[in-house]
Amino acid sequence: MSLKIILFSLISTIGLASAIMMILQRNPVKSVLLLIVNFFCLALLYLFLSAQFIAIIQIIVYAGAIMVLFLFVIMLLNLGDEKLLSEGISYKKRIAYILGIVLLAEILAGLSVPLLSSNSVISQNAQEIGTVQNIGKSLFSKYLLPFEITSILLLAAMAGVVILAKKKFQ
Amino acid sequence: MNVTEIPINSYLIVSAILFTIGVIGVLTRRNVIIVFMCIELMLNSVNLTLVTFSAMYGDSTGQILVFFVMAVAAAEAAVGLAIIIAIFRNTMKIDIDHFNIMKW
């Protein structure tokens, strides 16, 4: 057992536990905070895979911007405890859990195929590809058109949000 | 190659479990904001898979795709929350069972 494996197990356990707590939590604000913990754990896993740029972007964009937006909307709508919501019908929930477990079994069965056994560790040049320099180079040369289209998408989303949130529907 | 290296499969298993937790959350919860957060969780688990394969094959395309997924997720979160605010203003409810305007 090296330190790396211990750290990996610890981080992924915290991540999975916070995700489970997130869907069991009644209070939406606590749910958001648990999801932020989960996103930090994912950022650490990206660092394990030597994807530095993605790890930083994960913290800035997801844990920073998107979750603050969620928290802001929860505060704005003044959502407290979820007790006001009537409980779901229990057989529906049971079917949902069964479907989820079946899905998990299916994905894990797909992973157990010996397809991955040929090179099942991180590639040698994984260190270089995750740097900001490398990602930026390919983002501004090979993937320039999708990058520009993304800016149009964000502009359209911004205009749509302003129109949707401004006034009431007719 | 190091013997104590973490196998790729363990990342994929973590990602699969996270995705399943997201699916169960979408199916069981009725608070629309938490359903939305579960969708974000599923997007993140797919991102983890993409980064894992990118590191495994030594190819940066997976990480570029993660970048675009994050941009789309930001746009999606903003628009979705605006729709939630608009519906909440009209009905004063955030229970997804009441969002049946588009149901035929």
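So, salt bridges: search the whole structure, over all chains, and you find 1. This is a predicted model, by the way, so keep that in mind throughout. The pair is B:Arg30 with B:Asp95, and their closest N and O atoms sit 3.5 Å apart. What I like here is where the two ends come from. B:Arg30 is in the loop between helix H1 (8-28) and H2 of chain B, while B:Asp95 is in the segment after H3 of chain B. That's 65 residues apart, so we're looking at a link between distant parts of the chain.

Okay, chain B itself. How does the radius of gyration of chain B sit against a compact globule of 104 residues? The globule would come out near 13 Å, and chain B has 18 Å. Look at the box as well: along the principal axes, the C-alpha atoms of chain B fill roughly 60 × 25 × 25 Å.

Now the contact between the chains. Chain A puts in 84 residues and chain B 73 residues. The area buried between chain A and chain B is about 7200 Å², with carbon and sulfur atoms giving 77% of that. And how many salt bridges are there between chain A and chain B? The count is 0. For polar contact, we get 4 residue pairs between chain A and chain B, counting pairs with both residues at pLDDT 80 or more.

Who's doing the touching on the chain A side? Seven names to get through: helix H1 (3-24), helix H2 (28-48), helix H3 (52-77), helix H4 (90-111), helix H5 (126-129), helix H6 (132-140) and helix H7 (144-166) of chain A, each supplying at least two residues to the side that touches chain B. H3(A) gives the most, with 13 residues. Split by class, that side of chain A has 57 nonpolar, 19 polar and 8 charged residues.

Last thing, confidence. For the complex, the predictor gives an ipTM of 0.89 and a pTM of 0.88. Chain A has a mean pLDDT of 85, and 88% of its residues reach 70 or more. Chain B averages 87, with 95% of the residues scoring at least 70. In chain B, helix H2 (residues 32-57) is where confidence is highest, at 92, and helix H3 (residues 61-91) is where it is lowest, at a mean of 90.

Terms used:
Residues numbered from 1 in each chain as written. Chains lettered and ligands numbered in written order. Predicted model: local features only at pLDDT ≥ 70, side-chain atom pairs only at ≥ 80, totals over all residues. Heavy atoms only, no water. Contact = heavy atoms within 4.5 Å. Buried area = accessible area lost by both parts, 1.4 Å probe. Salt bridge = Lys/Arg side-chain N within 4 Å of Asp/Glu carboxyl O. Polar contact = N/O pair within 3.5 Å; in protein donor to acceptor, adjacent residues only side chain to side chain. Helix = DSSP H or I, 4+ residues; strand = E, 2+ residues; numbered from the N terminus. Nonpolar A, V, L, I, M, F, W, Y, C, P; charged D, E, K, R; others polar. pLDDT = per-residue confidence, 0-100. Rg over C-alpha atoms; globule rule 2.2 N^0.38 Å.
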